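Visitor: I would like to learn how to read side-chain features in a model like this. Could you walk me through it?

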Amino acid sequence: MARARIHCFISGRVQGVAYRAYTQREATQLGLTGWVRNCPDGRVELVAEGEQGTLQQLVLWCHQGPPAAIVTDVETQWESDTGTYLAFDIRR
C-alpha cells in the first residue's frame, strides 16, 4: 500500500481534554510518525505519515477524539510522504 501524509486541523472542544496525548498514543499504536500541537486559535493541528489506510484510521479517530473532546470539524489535506519523522511527538 502507498505511503502518504496528512495535515489536519481539528476544531471543537479539543484543548484542555488531553487531545494531544490521546492522539500521540493512537498514532504510535498505528505505527505512524509525525506530530500534534495546540494552535493559538483553539484548534489542534497534526501531521502524520504512514500507510494510506492507516492514516485514514487516524482521521476517523480524530472525528471522535478522546472521551472529553467534542469535535465539530476535521479539515484534512492529503500530501506526499516525506519520511521526515522518526516518531510521533507532541509539539508545544
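This is a predicted model: local features need pLDDT of at least 70, side-chain atom pairs count only at pLDDT 80 or more; totals for chains, interfaces and linings use all residues.

Visitor: Where is His7 found, and which residues is His7 in contact with beyond its neighbours within four places in sequence?

Guide: His7 belongs to strand β1, residues 3-13. Beyond those neighbours, its contacts are Glu45, Leu46, Val47, Glu75, Thr76, Gln77 and Glu79.

Visitor: Now the core. How many residues does the largest nonpolar core have?

Guide: The general idea is that nonpolar side chains tend to be buried together in soluble globular proteins. Here the largest nonpolar core has 22 residues, and Ile6, Ile10, Tyr19, Leu46, Leu58 and Cys62 have the most contacts inside it. Two or more residues of this core come from each of β1, α1 (19-30), β3 (44-51), α2 (52-64) and β4 (70-79). The largest share, five residues, is given by α2.

Visitor: What does Ile10 touch, leaving out residues up to four places away in sequence?

Guide: Ile10 touches Tyr19, Arg43, Val44, Leu46, Cys62, Val71, Asp73 and Val74.

Visitor: And how many aromatic pairs are there?

Guide: The count is one aromatic pair. The ring centres of Tyr19 and Trp61 are 5.6 Å apart and the planes are at 55 degrees, so the pair is tilted. Because Tyr19 lies in helix α1 and Trp61 in helix α2, the pair ties together parts 42 residues apart in sequence.

Visitor: Why does Tyr19 count as buried?

Guide: Buried means under 20% relative accessible area. Tyr19 counts as buried because its relative accessibility is 1%. Trp61 counts as buried at 15% relative accessibility.

Conventions:
Residues are numbered from 1 along each chain as its sequence is written. Side-chain values use heavy atoms; hydrogens and water are left out. Helices (H or I, at least four residues) and strands (E, at least two) are DSSP runs, numbered from the N terminus. Contact means heavy atoms within 4.5 Å. A nonpolar core is a set of buried Ala, Val, Leu, Ile, Met, Phe, Trp, Tyr and Cys residues joined through side-chain atoms within 4.5 Å. Buried means under 20% relative accessible area, exposed over 50%, partly exposed in between (1.4 Å probe, protein chains only). Rings of Phe, Tyr and Trp (its six-membered ring) pair if their centres lie within 6.5 Å; planes under 30 degrees apart count as stacked, over 60 as edge-to-face and the rest as tilted.
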